[in-house]
Amino acid sequence: MTLQDKYAELRERRAEAQQGGGERRVARQHEKGKLTARERLEVLLDEGSFVELGMFVRHQSHDFGLENDRPAGDGVVTGFGTIDGRLVYVFSQDFTVFGGSLGEAHARKIVNIMDLALENGAPVIGLNDSGGARIQEGVVSLGGYADIFYRNTIASGVVPQISAVMGPCAGGAVYSPAITDFTFMVRGTSYMFVTGPNVVKTVTQEEVTSEELGGADTHASRSGVSHVTCDNDVDCLLRVRALLGYIPQNCEDAPPRSAPVEPDDAEGLDSLIPDNPNKPYDMHDVIRRVVDRDSLFEIHADYAANIIVGFARLDGRPVGIVANQPAVLAGVLDIDSSVKGARFVRFCDAFNIPLVVFEDVPGFLPGTDQEWRGVIRNGAKLLYALSEATVPKVTVITRKAYGGAYDVMNSKHIGGDLNFAWPGAEIAVMGPKGAVEIIYRRQIADAEDPETVEDGFIEAYRDKFANPYVAAERGYIDDVVMPSETRDRLIRGLKMLENKVVNLPRKKHGNIPL
């Protein structure tokens, strides 16, 4: 062969690899409303930035006729590129080749880019679209999954890891997204489950569809497995790009800064909280009037909606938001909201993202269901996460801060750096009615007009505790501020705290109550 012949051969091999499973399978992918593996990378990455690695990798299996079917790339496209000019490592499973199934060579390609990401300190993004383990390759497929799981675990807290489930993800394959930091799913085309509907029917006699069992909306609202739910592939990929705008390249980096944008109607905060302490309001309205305009990127929006978590910017600086939501279950903490909050707090702490807590919490949700399912253990996760976090932590008490939930929501006692309260804040062991029924039980029972006497005691209790000044006198609150002053106080406070250093006791790691 001449040199020109060899150049031509290279071009032919590249063209073959880029065809995936061929026109017919690509067309079938499009008919399902799904992009191909390479089309997804074109949307995700900056134009022209993708550099492919392992294009010519082929499997080495000789069983079940596989020796006659050895497509280049082995069903996964891997490499690196940039998002907004920042380096990322990516893999995109190709459902048109062996149904995106994972074999030895397929896994080795993914492991390679994960190792590079860890060594070079950049995020890993996995686009999952796979029928699962390649059965024809036997145990080496399972070994390949374990190799990936191990690297997911080692990389956790070192570099950000994002999974976009854009098709099937079943069996052992689900555990890689479960270990990564954020999982995105697409309505109607993606699903995740350990065992599929047929196995469920055989074992439990339950009739359930793939969508009901493990679809995007199921995992967004019921299981909490999905952090962000998207309408289609393009929406999913653009939202992954947006998320990366809030987080650093690695645990040693600072989050990226943007140009500040003033919020809309900040003055409206002064009239937002109802006079009636039992009347709900939407905490989103508070957050959006404090943070930079249109900067809130909510995580787990449809799961445990009694707490809000997500990213936003203050004066262009990314922050993590943790906020009770009075519009849902009065903002109580329960098992799901505690776990949701704890997971998010630990991510922010791992990647140097300051935390801003908006508190309006009447306590933990009572009841046998919560107690028997472990609200003590699960509620302690949020307490543990905020206590161990060493990033700047600022709390704003907008209204209620009752009982143990006051302690948990980043109080001064567990390491809150700055704690502010609005003038209407109520900080007490419990609400006025409950407290009065305990403290003055006999007096109320012996009174000629128990209702009037009880109302009087409630009013006296409210006068004493339905304000932030008792806590402020003891230094538990750093300042009482007008709602409209909140943004300025947060910006100044976080700037003051940007060089915060905490020296923790030497240990291998703590033992969070999992």
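The model is predicted: local features need pLDDT of at least 70, side-chain atom pairs count only at pLDDT 80 or more, and totals for chains, interfaces and linings use all residues. Residues are numbered from 1 along each chain as its sequence is written, and side-chain values use heavy atoms, with hydrogens and water left out. The protein has 20 helices and 17 strands. Helices (H or I, at least four residues) and strands (E, at least two) are DSSP runs, numbered from the N terminus.

**Overall make-up**

- The C-alpha trace spans about 105 × 55 × 45 Å along its principal axes.
- Of the 514 residues, 50% count as buried. Buried means under 20% relative accessible area, exposed means over 50%, and partly exposed lies in between (1.4 Å probe, protein chains only).
- The accessible surface comes to about 23,900 Å². Carbon and sulfur atoms hold 52% of that surface. Areas come from the Shrake-Rupley method with a 1.4 Å probe; for residues, only the protein chains shown count as cover.
- Among contacts with a separation of 6 or more, 73% join residues 24 or more positions apart. Contact means heavy atoms within 4.5 Å.

**The seven-stranded sheet**

- Seven strands form an open sheet in the order β1-β2-β3-β4-β5-β7-β9. The pairing is mixed. Two strands pair if DSSP finds at least two bridges between them.
- β1 (51-53) and β9 (228-230) stand at the edges. Each has a single partner strand, so one side of each is left without a neighbour in the sheet.
- From one strand to the next, the twist averages 20 degrees. Axes are lines fitted to C-alpha atoms (for helices, over the stretch in contact), and angles run from 0 to 180 degrees between N-to-C directions.
- Strands of a sheet pair through backbone hydrogen bonds, either parallel or antiparallel.

**Strand β2 and its partners**

- β1 and β2 run antiparallel and are joined by three bridges. Valine 51 stands opposite phenylalanine 80 in β2.
- β2 (residues 76-83) and β3 (residues 86-93) also run antiparallel. Eight bridges join them.
- Glycine 79 has valine 90 in β3 as its bridge partner. Isoleucine 83 has arginine 86 in β3.
- Six of the eight residues of β2 are buried, so the strand is largely enclosed by the rest of the structure.

- Two residues lie between the strands in the hairpin of β2 and β3. Aspartate 84 sits in this loop.
- Phi of aspartate 84 is near 55 degrees, a positive value in a residue other than glycine. Aspartate 84 is exposed, with a relative accessible area of 57%.
- Asparagine 352 is found in the loop between α12 (335-350) and β13 (355-361). Its phi is near 60 degrees, again positive in a residue other than glycine.
- Asparagine 352 is partly exposed, at a relative accessible area of 30%.

**A nonpolar surface patch**

- Leu118, Tyr150 and Ile154 make a nonpolar surface patch of about 280 Å².
- Patches are made of residues with over 30% relative accessible area and no salt bridge; like charges are joined within 9 Å, and nonpolar side chains (Val, Leu, Ile, Met, Phe, Trp, Tyr) within 5 Å. A salt bridge is a side-chain nitrogen of Lys or Arg within 4 Å of a carboxyl oxygen of Asp or Glu.
- Leucine 118 is found in helix α4 (residues 104-120). At 31% relative accessibility, leucine 118 counts as partly exposed.

**Helix α11**

- Six of the eight residues of helix α11 (residues 283-290) are buried, so the helix is largely enclosed by the rest of the structure.
- Those buried residues are Met283, His284, Val286, Ile287, Arg289 and Val290.
- They pack against β10 (297-299), β11 (307-314), β12 (317-324), β13, β14 (393-402) and α20 (486-496).

**Proline 318**

- Proline 318 lies in strand β12. At 1% relative accessibility, proline 318 counts as buried.
- Leaving aside neighbours within four places in sequence, proline 318 is in contact with Gly245, Tyr246, Pro255, Pro256, Arg257, Ala312, Arg313, Ile353 and Pro354.
- Proline 318 and leucine 41 are 277 residues apart in sequence. In space they are 26 Å apart, C-alpha to C-alpha.
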